[in-house]
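Trainee: I have a structure open and want to learn to read it. Where do we start?
Mentor: Let us go feature by feature.

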Amino acid sequence: MNIKEIYEKFDAIGSLTFATINEGYPETRIAHFFAYDDKGLYFRVMFPKPFYKQMKKEKKVSVCGLNGSTAITHGEDGLPEFEPGYSMRVTGDIKEIPLEEIVNKTINKELFDVGIKDAEKYSALRIFVLYRGKGEVFDYDFETKFRDHKLLRTSFSFNGFSHKVFGLKIKDNCIRCGNCFRKCSFKAIDKINKDYVIDSRKCDVCGDCIVVCPVDAIGEK
Ligand code: SF4
Ligand code: SF4
């Protein structure tokens, strides 16, 4: 995914949760990205707020949101059910951007103009850019209403942020018993010839396969 695609998916969510660190503890609040360009994702905050001070100190932020119903219903068995949707997160490095730099933006000018107008209205407003980061889209259909698998993950990073995609793999000591294949309700394990392979894009890291493996052949990538 490129920055435009990342921005548009966050923009479709709207209000997002922004997390910073305050004296060693994570602290969250709601905000949103208002613009993007090849330099990153832009958001704004008033400088007297603790949010601003924490960002100036730590220079890092983590953001997430959910596109879909937040309601949790319960099936006949009493277990929770969720309407299909996606959640999304990005974590990365941030810096404050002078307003003059925003005023001189020519790409996506209509988006940046909103930030400029807001800065004219609220003189304590400051603008930040998340200039490099990594994240993931977690697209879910847990009741398999529209497809045959529950989950599809898309990992991304931009502007040189290095990241390792977390996932599980089946190791060489596998005895090909098939327990994991039969147990995985996410349909994340494929049988290729005689080997079993975990598709990280569909895997929830729920651990069911680890529990049923008789030879401890499933571990981190
Ligand atoms: S961790 Fe869960 S979702 Fe992933 S392969 Fe194992 S059983 Fe399937
Ligand atoms: S349960 Fe373990 S031994 Fe059996 S196929 Fe899966 S990874 Fe291999």
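Predicted model: local features only at pLDDT ≥ 70, side-chain atom pairs only at ≥ 80, totals over all residues.

Trainee: Next, salt bridges. How many salt bridges does the count come to?
Mentor: A salt bridge pairs a side-chain nitrogen of Lys or Arg with a carboxyl oxygen of Asp or Glu, within 4 Å. By this rule the count is 14.

Trainee: Which residue forms a salt bridge with arginine 44?
Mentor: Aspartate 118 does, and the closest N and O atoms are 2.7 Å apart. Now look at where the partners sit. Arginine 44 belongs to strand E4 (residues 40-46) and aspartate 118 to helix H4 (residues 109-121), so the bridge ties together parts 74 residues apart in sequence.

Trainee: Are these two partners buried or exposed?
Mentor: Check the relative accessible area; under 20% means buried. Arginine 44 has 17%, so this residue is buried. Aspartate 118 has 19%, so this one is buried as well.

Trainee: What does arginine 176 pair with?
Mentor: Its salt-bridge partner is aspartate 195, with the closest N and O atoms 2.7 Å apart. Arginine 176 sits in the loop between strand E11 (168-170) and helix H5 (179-183), while aspartate 195 is in strand E13 (residues 195-198), so parts 19 residues apart in sequence are tied together. Arginine 176 is partly exposed at 44%. Aspartate 195 is partly exposed at 38%.

Trainee: Which residues do salt bridges with shared partners join into one network?
Mentor: Follow the shared partners. They link Lys56, Glu96 and Arg126.

Trainee: Let me try a single residue. Where is the place of glycine 85?
Mentor: Find its element, then its accessibility. Glycine 85 is in strand E8 (residues 85-97). Its relative accessible area is 14%, so glycine 85 is buried.

Trainee: Which residues is glycine 85 in contact with, leaving aside neighbours within four places in sequence?
Mentor: Such contacts show what chain folding brings alongside. With those neighbours set aside, glycine 85 touches Asn67, Phe138, Asp139 and Tyr140.

Trainee: And how far apart are glycine 85 and asparagine 104 in space?
Mentor: Compare sequence and space. The two are 19 residues apart in sequence and 37 Å apart in space, C-alpha to C-alpha.

Methods:
Residues numbered from 1 in each chain as written. Chains lettered and ligands numbered in written order. Heavy atoms only, no water. Helix = DSSP H or I, 4+ residues; strand = E, 2+ residues; numbered from the N terminus. Buried < 20%, exposed > 50% of the residue type's maximum accessible area, 1.4 Å probe, protein only. Contact = heavy atoms within 4.5 Å.
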